[in-house]
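Please keep the sequence and structure in view while reading.

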Amino acid sequence: MRVHYDGPVCAGCEKKLLQADPRIAKWFRTRVKVLKPDCHISWSFRGKEDQDDAVKEGKSEKPWPSSLHNAVQNGKPCSRALDLFRIVNGKAEFAPGYFFAIWEASEKAGDPIRWGGKFKSIGDYCHFELSESSLRIKENSNGQDQKSDQEESQES
Ligand SMILES: [Zn+2]
Ligand SMILES: [Zn+2]
């Protein structure tokens, strides 16, 4: 069943954002959707089973719970990464240039975002995550973050 529809607000994406860090959710709504109304989220939070599958399928190098997609805050899913895709004629597309344009606009605007197309050994073009500097600010401000060591490393 189709859940994603192009436009400024997509119900399918909003559902995914319920399990995402508010800062990356805001970035998606105010940067990505404004620039690319046909952009959607394939993954925000991944539970253990989904992360195990992602590792098995070679989509992630990070075993549970070390991926930013596995981040939890106060016992609730709080993904600090989003995997995106584009819908073209009803089909999902993952063209690198499309994601590059999103990254470029984010860089220019100074958004606290890192792009998998830049930092992964094998380009993970659809992957965007909160930058380490923005995570550090958060850790310092509330002192409750328990994943700081793992988040220093690059991830999928
Ligand atoms: Zn969507
Ligand atoms: Zn990802």
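The sections below go from the whole chain to the core and then to one strand.

## Overall fold

The model is predicted. Its protein chain contains 7 helices and 7 strands, arranged along the sequence as α-α-β-α-β-β-β-β-α-β-α-β-α-α. The chain has 156 residues, of which 35% are buried. Among contacts in the chain with a separation of 6 or more, 59% join residues 24 or more positions apart.

## Nonpolar core

The largest nonpolar core has 29 residues, and the members that touch the most others are Ala20, Ile24, Phe28, Leu82 and Leu84. At least two core residues come from each of α1 (11-17), α2 (22-35), β1 (39-43), β4 (81-88), α4 (96-109), β6 (113-115) and β7 (127-130). The largest contribution, 5 residues, is that of α2.

Ile24 is one of the core residues that touch the most other members. Beyond its neighbours within four places in sequence, Ile24 contacts Arg80, Leu82 and Leu130.

## Strand β7 and its partners

β7 pairs with β4 in antiparallel fashion through 3 bridges; here His127 of β7 lies opposite Asp83. β7 is also antiparallel to β6, again with 3 bridges, and Glu129 of β7 is the bridge partner of Arg114.

In a regular strand, side chains alternate between the two faces of the sheet. In β7, His127 and Glu129 lie on one side and Phe128 and Leu130 on the other. These four residues are all buried, and both faces of β7 are covered.

Methods
Residues numbered from 1 in each chain as written. Chains lettered and ligands numbered in written order. Predicted model: local features only at pLDDT ≥ 70, side-chain atom pairs only at ≥ 80, totals over all residues. Buried ≥ 20, exposed ≤ 12 C-beta atoms within 10 Å, placed from the backbone. Contact = placed C-beta atoms within 7 Å. Core = buried A, V, L, I, M, F, W, Y, C linked by C-beta atoms within 7 Å. Pairing = 2+ DSSP bridges.
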